[in-house]
Amino acid sequence: MNVDNNWTVLIGIVLAMYAVAIIFFVIRGARKANNMKDYAVGNMSFSPWMVGLSLAASMTSAASFIINPGFIALYGVSGFISLGIILPLSAFISLTVMAKSFANVGVQFNAKTMAEWMGNRFKSQAYRFFFAFLGLLLISFIVLINVGITNVISKALHIDPFYVLLIITVFVFGYMMFGGANSLMYTNSMQVIFKLLVALIMLGSGFYLFKDGIGSFLGKLHDIDPNLTTLTNKESPLFRDFFEIVVCQIIVGVAIICQPHIITKTLMLKSPAHVNKFLLSAIVFMTLFFLVVGVGFYARIIYPDLSINGQKMKMDEIIPNYVVARFSVLVGMIVVVGLVSAGQATLESLIQSISSSITLDILEPIFKEKVARHNLLVNKFVIIILAVVSFLISYQQIINPTLSVGIFAQMGVYGYFAAAFVPIIFGTFVKGVKLSTVFIASVTAFVVHFGIYFLAITPYMKGPIKNPGVSAAIAILISLLIAIILHIFNRNKIES
């Protein structure tokens with residue numbers, strides 16, 4: 001992509017037009033939001049196909065399009081098997097199994113947030129409060145998206161990342177002060193179309209590398225580094241063996257849907273009978289989106305030593321630089337807008353879910369009527385604070401990442417859904433579950449995940465780069481085992 005002043009201005013104009021379209025849809029949806037329930041889950045009737053598109057837009061984020069392909073560029077086939085095949089397949093199966101049951105239970109308990117669902121399901125305001133605070137871990141995901149979008153725009157426009165990040169923060173957090181679930185349905189539907197175009201363009205951008213067959217393609221990678229074509233990569237901190245590549249990703253993939261901006265999409269369906277259509281539209285689009293990680297192979301062939309103009313690239317810069325180098329300006333404009341859309345869709349959902357939970361599950365129970373009477377206004381101030389916090393952490397990750405912001409985000413996000421997995425599974429499928437069972441399981445998962453990660457327990461945690469997938473998988477298994485034992489003990493105690 002030519003990046004002289006004229007083209008930079010042109011791309012800037014296209015991004016500005018995209019921003020105007022987003023604002024239009026936000027205003028259209030915001031007109032219908034009269035209270036926090038409208039903001040959190042919406043009050044408009046959307047088709048299950050549209051809700052499915054919204055899920056596809058928000059579940060596959062900047063991680064799928066910008067960050068994770070960098071892992072494939074660094075570590076090759078082993079990373080693709082893990083992130084491009086095992087993880088999405090596990091997530092799709094889990095989503096299919098969970099969606100209808102959670103939709104039925106969600107309607108029954110009339111919840112607006114994940115934390116409220118936890119509290120209502122297990123009849124405990126303390127548990128609701130606990131999960132609302134755990135939800136703050138998802139700020140790490142906001143940071144990942146901020147960094148991904150910032151790198152794309154700064155490379156395309158040759159603007160200092162600080163100013164790009166500042167503009168993104170002010171713009172997105174600004175309009176999310178007014179747009180809620182209703183607006184997300186409109187913006188996500190537009191964003192998923194851009195993402196579809198970009199996925200096809202990016203995946204097609206390397207087809208010429210296969211002109212002599214897949215053997216020749218793999219040969220090019222092997223010539224750069226033999227580890228890029230092996231099923232396991234001993235030199236990688238993330239994809240060293242079967243346990244990391246397959247076992248951990250199956251467990252993480254099953255649990256990953258327990259994030260509030262994913263599973264609570266089912267609460268937007270007007271009837272559980274619509275779940276099948278919702279799943280079909282979501283999974284068809286997500287299948288293609290998850291495959292975009294394979295673009296990392298193309299980038300590695302173009303940048304065999306992962307440097308540009310003699311300077312070594314950070315991992316999170318690999319795909320933004322590939323986009324700038326590979327595409328013409330016209331195609332590049334579409335790709336840049338699509339990559340921004342990829343991150344923005346999830347960013348919007350995260351801001352909406354986190355801010356709603358802080359307002360409804362933390363502040364309202366503490367301050368009661370003082371917040372309840374003005375909860376929409378309070379939520380706006382919550383979003384401002386989220387903007388400031390995420391900006392500061394994001395900029396630190398841009399200038400001083402540990403390999404990738406992806407590791408930082410995984411550490412936080414995996415900690416959340418590790419703690420959420422047992423209560424969601426038991427709360428959806430198991431009857432007669434005691435609060436103490438799920439509370440102990442959640443605390444166990446939290447302690448085990450962060451304990452293994454920060455205390456460097458197990459050989460997988462040795463070295464400067466640690467794999468959060470390992471600590472999360474172990475935490476989920478241990479918490480699940482403890483929950484099963486406690487539930488059986490409690491049931492036998494009642495029967496006797």
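Helices here are DSSP runs of H or I with at least four residues, strands are DSSP runs of E with at least two, and both are numbered from the N terminus. Ala 456, for instance, lies in the loop between helices α21 (435-454) and α22 (468-495).

The structure is a predicted model, in which local features need pLDDT of at least 70 and side-chain atom pairs count only at pLDDT 80 or more, while totals for chains, interfaces and linings use all residues. Residues are numbered from 1 along each chain as its sequence is written, and side-chain values use heavy atoms, with hydrogens and water left out.

**Two positive phi angles**

Ala 456 has a positive phi of about 55 degrees, although this residue is not a glycine. Ala 456 is also buried, with a relative accessible area of 18%, where buried means under 20% relative accessible area, exposed means over 50%, and partly exposed lies in between (1.4 Å probe, protein chains only). Lys 368, likewise a residue other than glycine, has a positive phi near 50 degrees. Lys 368 lies in the loop between α17 (329-367) and α18 (369-372), and with a relative accessible area of 55% this lysine is exposed.

**The nonpolar core**

A nonpolar core is a set of buried Ala, Val, Leu, Ile, Met, Phe, Trp, Tyr and Cys residues joined through side-chain atoms within 4.5 Å. The largest such core has 181 residues, and the members that touch the most others are Phe 71, Met 202, Met 286 and Phe 417. Helix α20 (residues 405-429) provides the largest share of this core, with 16 residues. As background, nonpolar side chains tend to be buried together in soluble globular proteins.

What does Met 286 touch, not counting residues up to four places away in sequence? Its partners are Leu 55, Ala 56, Met 59, Thr 60, Phe 92 and Leu 95, where a contact means heavy atoms within 4.5 Å.

Helix α15 (residues 295-302) is mostly covered, since seven of its eight residues are buried. The buried residues of α15 are Val 295, Gly 296, Phe 297, Tyr 298, Ala 299, Arg 300 and Ile 301.

An α-helix has 3.6 residues a turn, so residues three or four places apart point the same way.

**Salt bridges**

A salt bridge is a side-chain nitrogen of Lys or Arg within 4 Å of a carboxyl oxygen of Asp or Glu, and the structure holds three of them.

| Arg 128 | Asp 361 | 2.6 Å |

Arg 128 in helix α7 (residues 125-134) and Asp 361 in helix α17 are 233 residues apart, and their pair links distant parts of the chain. Arg 128 counts as buried at 11% relative accessibility, and Asp 361 counts as buried at 0%.

Lys 155 lies in helix α8 (residues 139-157) and Glu 317 in the loop between β2 (311-312) and α16, so this pair ties together parts that are 162 residues apart in sequence. Here Lys 155 counts as partly exposed at 23% relative accessibility, whereas Glu 317 counts as buried at 17%. In the remaining pair, Arg 240 counts as buried at 17% and Glu 244 counts as buried at 2%.

Lys 155 is also one of the contacts of Asn 321, which, leaving aside neighbours within four places in sequence, touches Tyr 303, Ile 308 and Met 313 as well. Asn 321 is found in helix α16 (residues 318-326) and is buried, with a relative accessible area of 8%.

**Cysteines**

How many disulfides does the structure hold? There are zero, a disulfide being a pair of cysteine sulfur atoms within 2.5 Å. For Cys 248, the nearest cysteine sulfur is that of Cys 258, 17 Å away. Cys 248 is buried, with a relative accessible area of 1%, and Cys 258 is buried with a relative accessible area of 1%.
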